[in-house]
Amino acid sequence: MLRSSFAIAPMMGWSDLFFRCWMRCLFNNVDVYTEMVAVNAICYGDAGRLLQEDDHRHVVLQVGGSDPKLCKQAAHIAFDQGFRHIDLNVGCPSSRVQKGMIGAVLMKYPSVVADCVEAMMSVHRDLTVSVKSRIGVDHQDDESFLVRFLDEVLATGCKHVTIHARKAWLSGMSPKDNRNIPLLNYQRVYDMKRRYPDVFMLINGGFNDFLEVKEALNHVDGVMIGRLAIERQRDLVAIARQLGFMQGTVRDSLTRYQQYLAGHAYKNQSSLKPLMALLHGFNGAKSLRSQMAELMRQQGGVSQWIDRLKDELPS
Ligand SMILES: Cc1cc2nc3c(=O)[nH]c(=O)nc-3n(C[C@H](O)[C@H](O)[C@H](O)COP(=O)(O)O)c2cc1C
């Protein structure tokens, strides 16, 4: 089974096909998560469209659900379409998601999570099933709560867990605030890795530079990063470069992305969205942004815009 010590987090509204492709053009052997897809949508919706992927290596499909039968059916469909790693979302605190018994609320029901994980694991022995959780929810945030949760989930034989190192408040706080306000507790995650040494454990939450990541890698198997990839991509690139995950220069990666887009029928502004975070904090960004809309109206505008980005990007 391929698994990486560096992962790009699932991010709703961002981690689409273009974003995942761009991450693959930038990095070698980094696990890239999809946006969360509800198992109901996979089973009863347009699975072909929802699960569209050009290259399944190192792509992790994140699903949301709490019905073991639907989880299993969704895992079957995803496996048949080429996915070899499925992650169950046990970290999203949004109230809409909670109403569907999806996300962080499931930390309170470890046996439900275990049943879903077990059901998905039964689909095929080549399918990796992982869980992404928080360290706790509401006032249930002590170590024993997390241990009870993990004991039950890991008893299924699941060997791959990502822990966002802060708890989630299930009411009265927006998902955005829930990613910032609850305090980070890396030590809690490090203690879990010591307790479950056979489990491949990634830590997530608040990593901004190489030294922070390097320190975490002394304690756990991997680090997952989210917002740097959509806000300050050059900082993400700096981390990946020092960890040895970079594929040449950013310009090389942009050329690879242009080649990918050339073979893709659907090219418009959304194919450039994943590149916008490269523009953070550099002088030519404003003019590049304003040129984008104009170029989008022309045939070949996407590639032309990337050419200009390659010319102007500081080395
Ligand atoms: C815009 C956005 C959308 C997100 N969507 C998801 C999601 O679909 N599933 C999930 O497990 N986490 C989701 N998250 C949480 C991230 O995966 C990650 O846990 C969080 O951002 C903390 O990591 P960071 O500090 O490196 O950003 C989302 C985060 C952001 C910023």
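**Exercise 1.** Determine which residues are linked in a network of salt bridges in this predicted model, and classify R24 and E53 as buried or exposed.

*Solution.* The network links R20, R24, E53, D55 and R57. One of the salt bridges joins R24 to E53, whose closest N and O atoms are 3.1 Å apart. This pair connects distant parts of the chain: R24 lies in helix α1 (residues 17-26), whereas E53 lies in the loop between α3 (47-50) and β4 (59-64), 29 residues apart. Buried means under 20% relative accessible area. R24 is therefore buried, at 18%, and E53 is buried because its value is 10%. By the distance rule, the salt bridges number eleven.

**Exercise 2.** Locate D141 and K167 and assign each an accessibility class.

*Solution.* The side chains of D141 and K167 form a salt bridge, at 3.0 Å from N to O. D141 belongs to the loop between β6 (128-133) and α7 (143-154), and K167 to the loop between β7 (160-164) and α8 (186-195); the two are 26 residues apart. With a relative accessibility of 29%, D141 is partly exposed. K167, at 13%, is buried.

**Exercise 3.** Assign accessibility classes to D235 and R232.

*Solution.* A salt bridge joins D235 and R232, with closest N and O atoms 2.5 Å apart. D235 has a relative accessible area of 30% and is partly exposed; R232, at 25%, is also partly exposed.

**Exercise 4.** Check the span of helix α15 (residues 301-312) and list its buried residues.

*Solution.* Twelve residues at 1.5 Å a residue should span 16 Å. The buried residues of α15 are G301, V302, W305, I306, R308, L309 and K310.

Technical notes
Residues are numbered from 1 along each chain as its sequence is written. This is a predicted model: local features need pLDDT of at least 70, side-chain atom pairs count only at pLDDT 80 or more; totals for chains, interfaces and linings use all residues. Side-chain values use heavy atoms; hydrogens and water are left out. Helices (H or I, at least four residues) and strands (E, at least two) are DSSP runs, numbered from the N terminus. The expected span of a helix is 1.5 Å times one less than its number of residues. Buried means under 20% relative accessible area, exposed over 50%, partly exposed in between (1.4 Å probe, protein chains only). A salt bridge is a side-chain nitrogen of Lys or Arg within 4 Å of a carboxyl oxygen of Asp or Glu.
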